[in-house]
Amino acid sequence: KEIKEKHGGPTNSKIIFIHPGSYKIENRWPLSHYIEVAEALRKKGMMIVFSLGPSEQEWKEEIQLHQFLILTNLNLGDTGAVMKSCDLVLSNDTGIMHLASGCGVKTIALFGKTDPNRWKPPGTHTTALQSENKEIASIKVQNVIDQIIHVSGKS
């Protein structure tokens, strides 16, 4: 609610928290794909909040060009608090995925070569997406959009 009030989102809109980074480069879905997802979700009336960690600061300017809210330099406690106020978290297979799951937030996690059966947090509120060839860049943007719409629509 506070995010919507401070940044002008409609009170009935869903808030999607996107963390596109990962310290491990091979675990990163392309930033352009995240922006494409964010643009499509915004057109559907959802509010998008990007979060960048220390290894993704160079992406800030690109995300700002698309006029999305960006949070940087948050500690883990503050990141968890923000995620709890969101309807869904989209991230790579990274620590943020585990934090979101630990906070009980619906999460969609994108996996490359890492085995989601082993590394996806337990429970039903985290959904893993992985391409057939296990290349993270091969995950289709439309599949991610469809999954977000499906998962965020559930109560």
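Predicted model: local features only at pLDDT ≥ 70, side-chain atom pairs only at ≥ 80, totals over all residues.
Let's start where helix H4 passes helix H5 in a right-handed crossing. H4 and H5 pack with their axes 9 Å apart, at an angle of about 55 degrees. That angle makes H4 oblique to H5. If you look at the side of H4 that touches its partner, you will find Leu-76, Thr-79, Gly-80 and Met-83, which meet Ile-96, Leu-99 and Ala-100 in H5. Of the residues in this contact, 5 are nonpolar, 2 are polar and none is charged.

These two helices also lead us to the largest pocket. Helix H4 (76-84) and helix H5 (95-102) each supply at least two residues of its lining, and so does strand S2 (47-52). The pocket has a volume of about 260 Å³ and is lined by 18 residues. Nearest its centre lie His-19, Leu-52, Gly-53, Pro-54 and Ile-96.

Now turn to another helix pair, H2 (residues 31-43) and H7 (residues 141-153), which pack at an angle of about 45 degrees with their axes 10 Å apart. H2 and H7 are therefore oblique to each other, and H2 passes H7 in a right-handed crossing. On the H2 side, the contact is made by His-33, Glu-36, Val-37, Ala-40 and Leu-41; on the H7 side, by Val-141, Val-144, Ile-145, Ile-148 and Ile-149. This contact has 8 nonpolar residues, 1 polar and 1 charged.

Methods. Residues numbered from 1 in each chain as written. Heavy atoms only, no water. Axes fitted to C-alpha atoms, helices over the stretch in contact; angles between N-to-C directions. Helix = DSSP H or I, 4+ residues; strand = E, 2+ residues; numbered from the N terminus. Parallel < 35°, antiparallel > 145°, perpendicular 65-115°, else oblique. Left-handed = near helix turned anticlockwise from the far one by under 90°. Contact = heavy atoms within 4.5 Å. Nonpolar A, V, L, I, M, F, W, Y, C, P; charged D, E, K, R; others polar. 1 Å grid on protein atoms, 1.4 Å probe; cavity = no way out; pocket = protein on both sides within 12 Å on 5 of 7 lines; lining within 4 Å. Points joined across faces, edges and corners; volume = space filled by probe spheres on them.
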